[in-house]
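Below are some notes on the helix packing and overall dimensions of this model. Please read them alongside the coordinates.

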Amino acid sequence: MYITPHVLVGASVGLATGNPIFGFIGGVASHYVLDAIPHADSGTLHYGQLTGKSLDIRDYILSTIDVAAAVLSIIWLSYKVPFVDSASIWGALGGAAPDSLVLLKLFLPKAAEQSILKAYYYYTDKIEYTVKPQYWWLGVVTQVITIGAALWYLLAR
Ligand SMILES: [Zn+2]
């Protein structure tokens, strides 16, 4: 999924735990759960052939909007509800953290060659449910619902 749903769900999990350490661990766990839900991202735009080199201007624009939306939504929420405590922030960071390893694979493929990382990518690729290009709309709907559910939970606090 994109970073925005990961960050908002991570913040929700962190808030639910009320503890920075459990919040971070729960945020990381939520990442894999969300990636198992059918979703559209750069993997859909470059289905089956996503590498750092295959990324184009459309990917960079979408990623920039995505990261900006994630950061701005956390800032906006901090004014809306007194929810930004260390547990929810660590949850949000945990929710985003696993994608740093995806960036490693895309941009430093040599560094991603280590056997422990190869095993990690083997299993996370199995979990990851990126929709095929013709189902991109389904992959957008699932992320809109995910974002909506997380906002609903956070704003209800
Ligand atoms: Zn991911």
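At what angle do helix α1 and helix α8 pack, and how far apart are their axes?

1. Helix α1 (residues 3-17) packs on helix α8 (residues 136-155) at about 30°, and the axes are 9 Å apart. The pair is therefore roughly parallel, a label given to angles under 35 degrees. Axes here are lines fitted to C-alpha atoms, for helices over the stretch in contact, with angles running from 0 to 180 degrees between N-to-C directions. The crossing of α1 and α8 is left-handed, meaning that the near helix is turned anticlockwise from the far one by less than a right angle.

2. This is a predicted model: local features need pLDDT of at least 70, side-chain atom pairs count only at pLDDT 80 or more, and totals for chains, interfaces and linings use all residues. Residue numbers start from 1 along each chain as its sequence is written.

3. On the α1 side, the contact with α8 is made by Thr-4, Pro-5, Leu-8, Val-9, Ala-11, Ser-12 and Leu-15. Their partners in α8 are Gln-143, Thr-146, Ile-147, Ala-150, Leu-151, Tyr-153 and Leu-154. By class, the residues of this contact are 10 nonpolar, 4 polar and no charged. Contact requires C-beta atoms, placed from the backbone, within 7 Å. Ala, Val, Leu, Ile, Met, Phe, Trp, Tyr, Cys and Pro count as nonpolar, Asp, Glu, Lys and Arg as charged, and the others, Gly among them, as polar.

4. Helix α2 (residues 20-35) and helix α5 (residues 86-96) cross at roughly 30°, and their axes come within 7 Å. That angle makes α2 roughly parallel to α5. The crossing of α2 and α5 is right-handed. Residues of α2 in the contact include Gly-23, Gly-26, Gly-27 and Ser-30, and those of α5 include Ser-86, Ser-88, Gly-91, Gly-94 and Gly-95. The contact of α2 with α5 has 8 nonpolar, 10 polar and no charged residues.

5. The chain contains 8 helices and 0 strands; helices are DSSP runs (H or I) of at least four residues, and strands (E) of at least two. Of the contacts between residues at least 6 apart in sequence, 82% join residues at least 24 apart.

6. The C-alpha trace spans about 40 × 35 × 25 Å along its principal axes.

7. Of the 157 residues, 31% are buried, that is, with 20 or more other C-beta atoms within 10 Å of their own.

Note on methods. Angles under 35 degrees count as roughly parallel, over 145 as roughly antiparallel, 65 to 115 as roughly perpendicular and the rest as oblique. Two residues are in contact if their C-beta atoms, placed from the backbone, lie within 7 Å. A residue is buried if 20 or more other C-beta atoms lie within 10 Å of its own, exposed if 12 or fewer, and partly exposed in between; C-beta atoms are placed from the backbone.
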